[in-house]
Amino acid sequence: MADYAPILAWIDAQQPRMEMLVSQWAAINSGSSNIAGLNRMAEVLMDAFAVLGQPLNRVALPPRQIVGADGRMVAVPLGPVLSMKARPQLPLQVLLGIHFDTVYPANSPFQQVQRIDSQTLCGPGVADAKGGLAVMLVALEAMEQSSGAVNIGWEVLLNPDEELGSPGSASLFLDAAKGKTLALLFEPALPDGSLVGARKGSGNFVFVVRGKAAHAGRDFSAGRSATVALSHIILAVNKLNDRQPDITVNIGRIEGGGALNIVPDLAIARVNIRCRLPQQQQEIRQQLDAIIRQADQLDGITVDLHGEFHAPPRILDDAHARWFNRAAECSRQLNMPVTWRESGGACDGNRLSAAGLPTIDTLGPVGTGIHSSAEQITISTLAQRAKLTALLLLKLAHGEFGIP
Ligand SMILES: [Zn+2]
């Protein structure tokens, strides 16, 4: 076995720099819809990743189509994807990816980065996923110092739309997955340091119900209430929660109606549905269609269903189990043993795994309070996770896993 100690020690010495990078990056608001902020973040990342000796290339994404408040489709811009390749001609290839958007919009009250104590950094996106960006960067820098680096090629993909379900970048990830041996993503680790193993699949759906407007006093019976029809649909969809314990349906948002003296002619419900098994996605889709067919029979009511399962469930197959075992072995050698367990959360790793590429997707720092104003990381885990990632890459590059 090669001596990786000097490289691992170099990573330890990068800990203050990693904290500084995460603080700087988290201070830039890059909510998924804040295009100016995403462009600013892209520039800062291009500067930081230049140490890898290649340019980060910008790839423009087409706008995404969403259902607007009037029930019609509207185009909304997305930020740029950033990509970089090293030694693409080699047979052994790894994909490294993470998003640089956050869930915090430009007008969010949570904008400040704060060091709470010697071990804790609090701020928007410190865990999800700006800490992960720093881990990826330092792990790659470390691996590039090794003599084994000449044996391994890699591709970095940084996306601006993961918190929206990657509507623009999903296809780029699937393209990048081709010909790769392994994908490493840098979503935050679970609070106890565990990696996420199996993941639920996730889909977002929008029900648009149209009825007929009428004066609520003079002509009530001529109206057809979209809000009442939608209420029946919501109760029917919510019942899917009772069918199987591993299917969850969240009625996230409902809109509809206006002045109280008008029978409402438009109502919209936005719903997130998650499940553990691929075949459940099909069953759920059939049940949604049946619910719509029933609602469509109501006099004067029409229902449109938009959306899809954007992330398939991840099943831990043998290929994944082998890679998780290798990561666990590396973590034991670093005296910070980690294991893995399942999660209801979905990420870009779901699609990569479903495409047949073994993916370890939670190599970011240990974080808590993600998607809330209490988001924070344990600072020392920045270097820890970079060492874990680097060791995995080093062993792969030096042929210790017997690949290829
Ligand atoms: Zn994330």
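Entry 1: I looked up Leu96 and, leaving aside its neighbours within four places in sequence, found it in contact with Met136, Leu140, Trp154, Glu155, Val156, Leu157, Leu184, Phe186 and Leu393; contact means heavy atoms within 4.5 Å. This is a predicted model, in which local features need pLDDT of at least 70 and side-chain atom pairs count only at pLDDT 80 or more, while totals for chains, interfaces and linings use all residues. Residues are numbered from 1 along each chain as its sequence is written, and side-chain values use heavy atoms, with hydrogens and water left out.

I then noted that the largest nonpolar core has 74 residues, and that Leu96 is among those with the most contacts inside it. Helix H4 gives the most to this core, with 13 residues. A nonpolar core is a set of buried Ala, Val, Leu, Ile, Met, Phe, Trp, Tyr and Cys residues joined through side-chain atoms within 4.5 Å; buried means under 20% relative accessible area (1.4 Å probe, protein chains only). Helices are DSSP runs (H or I) of at least four residues and strands (E) of at least two, numbered from the N terminus.

**Entry 2: Met143.** I located Met143 in helix H4. Met143 counts as buried because its relative accessible area is 0%.

**Entry 3: The zinc ion.** I recorded His99 (NE2), Asp128 (OD) and Glu187 (OE) as the protein donors of the zinc ion, 1.8 to 2.1 Å from it. Donors are N, O and S atoms within 2.8 Å of the metal (3.2 Å for Na, K and Ca); water is not among the atoms, so sites may look incomplete. Asp128 lies in helix H4 and Glu187 in the loop between strands S9 and S10, 59 residues apart. Asp128 is buried at 4% relative accessibility, and Glu187 is buried at 8%.

Notes: Buried < 20%, exposed > 50% of the residue type's maximum accessible area, 1.4 Å probe, protein only.
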